[in-house]
Amino acid sequence: MANILVAGGAGYIGAHTCLDLFTKGFTPIVYDNLSNGHAEFVKWGPLEIGDIRDRGKLDDVLRKHKPLAIVHFAAAIEVGQSVLDPGSYYENNVVGTITLLRAAQAAGIDKIVFSSTCATYGIPSSIPINEAHPQAPINPYGRSKLIVEQILKDLDLYQGFRSLILRYFNAAGADPEGRIGEWHSPETHALPIAIETALGRRPHFEILGTDYETRDGSCVRDFVHVLDLADAHVRAIEHLLNNGTSHALNLGTGHGTTVKELLETVQHIAGKSISVKYGPRREGDSPILVADNALAKQTIGWSPRHDLRSIVSTAWNWHSNCLTI
Ligand SMILES: NC(=O)c1ccc[n+]([C@@H]2O[C@H](COP(=O)([O-])OP(=O)(O)OC[C@H]3O[C@@H](n4cnc5c(N)ncnc54)[C@H](O)[C@@H]3O)[C@@H](O)[C@H]2O)c1
Ligand SMILES: O=c1ccn([C@@H]2O[C@H](COP(=O)(O)OP(=O)(O)O[C@H]3O[C@H](CO)[C@H](O)[C@H](O)[C@H]3O)[C@@H](O)[C@H]2O)c(=O)[nH]1
């Protein structure tokens with residue numbers, strides 16, 4: 001079985017991707033510092049505890065496991081936190097990635113799948129957003145991802161180091177069998193917070209901004225099932241191993257959901273009402289982010305299979321049954 005290094009594989013999207021990689025015959029080697037990940041999520045291959053900024057540890061792990069390619073999820077991920085402490089975001093997401101890339105090149109690896117984000121588009125001038133849309137992030141988190149995208153483009157151009165840059169929209173949902181799910185500490189994402197409120201673990205859900213120019217005043221997001229994201233990563237790895245060329249691809253469904261509509265869906269699936277408060281806009285939030293996913297379909301044959309109902313019901317299942325949170 002071919003080894004694939006999964007940096008950040010103990011985290012939410014990484015763990016679901018490890019499950020899919022394993023199912024498709026790869027061995028995921030998880031490399032994670034467990035800053036926001038969980039050893040319990042590493043079930044489909046070995047766990048190497050280490051930081052992507054630790055070149056010596058990376059060299060050891062690459063020498064030991066000889067992966068054919070890397071899937072790179074490891075990053076600091078909160079938009080709000082990135083505004084408060086930008087330096088830590090550049091240190092982890094940019095310096096860490098450069099260290100990982102240098103270690104990969106020294107080990108003779110020249111293929112990577114990179115977790116980027118729709119946050120690199122900033123405030124879009126047209127919807128849905130395709131990959132040719134200008135990238136102008138409005139927070140340090142998004143800028144840290146865009147810097148890495150630019151580094152990867154140079155490595156491809158000048159050295160033939162190939163990458164699939166995957167710009168996820170809003171990852172959500174969980175493994176339908178409930179083995180893994182979304183588990184961030186602290187949790188800042190809308191869907192898990194809404195579910196925790198419905199479960200009585202939080203007193204209320206605060207809608208962060210009700211005066212956006214959208215159909216109901218709350219932000220619009222494109223929620224994409226984590227299983228669909230995992231599938232895209234396996235396709236991306238197969239594309240690179242089959243000598244496919246580098247691309248940046250949007251991963252979203254093409255359907256926008258407002259925060260208020262998301263809350264309605266959660267209440268419907270939970271069969272419980274959620275106490276709602278109305279708060280100010282969160283700094284760094286874009287009013288509307290919806291993907292044009294045609295290029296992902298054309299390049300790696302990807303299209304999302306799961307709708308919002310499936311996203312919310314698998315997330316509900318995970319949060320209701322997971323006693324560790
Ligand atoms: N969740 C989303 O909606 C979303 C959307 C777009 C992009 N992304 C990107 O996808 C990736 C995965 O996101 P997630 O939601 O699974 O986050 P996550 O926090 O659950 O996973 C990230 C993992 O990386 C690890 N990590 C962080 N810094 C590290 C370091 N320096 N060295 C080693 N490991 C480190 C963490 O411990 C964690 O296990 C991130 O790069 C994120 O920016 C996420
Ligand atoms: O308690 C909350 C939490 C969120 N929201 C709103 O819900 C929407 C979605 O917010 P999330 O925090 O769930 O996700 P983001 O849209 O902020 O996602 C951002 O952070 C992710 C990383 O975790 C990805 O990188 C993504 O691309 C990037 O835009 C936003 O309008 C936000 O203001 C609320 O109203 N109340």
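Analyst: The shell around ligand 2 takes at least three residues from each of domain 1 (2-172 + 224-251) and domain 2 (190-221 + 254-318), with the domain bounds coming from an automatic or database domain assignment. Bear in mind that this is a predicted model, where local features need pLDDT of at least 70, side-chain atom pairs count only at pLDDT 80 or more, and totals for chains, interfaces and linings use all residues. As for labels, residues are numbered from 1 along each chain as its sequence is written, while chains are lettered from A and ligands numbered from 1 in the order in which they are written.

There are 19 residues around ligand 2, and T117, H189, A190, L208 and C219 come nearest. (A residue is near a molecule if its C-beta atom, placed from the backbone, lies within 6 Å of it.) Both α6 (190-198) and β8 (205-208) supply at least two residues of this shell, and β8 has the largest share, three residues. Helices (H or I, at least four residues) and strands (E, at least two) are DSSP runs, numbered from the N terminus.

Now for β5 (111-117), whose number range takes in T117, one of the residues that come nearest to ligand 2. Seven of the seven residues of β5 are buried, so the strand is largely enclosed by the rest of the structure. Buried means that 20 or more other C-beta atoms, placed from the backbone, lie within 10 Å of the residue's own. Both faces are covered, with K111, V113, S115 and T117 on one side and I112, F114 and S116 on the other. Strands pair if DSSP finds at least two bridges between them. On that basis β5 pairs in the parallel sense with β4 (residues 69-72) over three bridges, where V71 has V113 as its bridge partner. β5 also runs parallel to β6 (residues 162-168), over seven bridges, and there S116 stands opposite R167.

β5 also turns up at the other ligand: along with α1 (12-23), α4 (86-106) and β7, it gives two or more residues to the shell around ligand 1. That shell has 27 residues, the closest being G8, G11, Y12, G37 and A75. α1 gives the most, three residues, and the classes come to eleven nonpolar, 13 polar and three charged.

Back to the two domains. Their centres, taken over C-alpha atoms, are 24 Å apart, and the contact takes 31 residues from domain 1 and 26 residues from domain 2. Contact here means C-beta atoms, placed from the backbone, within 7 Å. On the domain 1 side, α7 (226-241) is among the elements supplying at least two residues, and α7 has the largest share, seven residues. By class, that side has 18 nonpolar, nine polar and four charged residues.

Terms used: Contact = placed C-beta atoms within 7 Å. Nonpolar A, V, L, I, M, F, W, Y, C, P; charged D, E, K, R; others polar. Buried ≥ 20, exposed ≤ 12 C-beta atoms within 10 Å, placed from the backbone.
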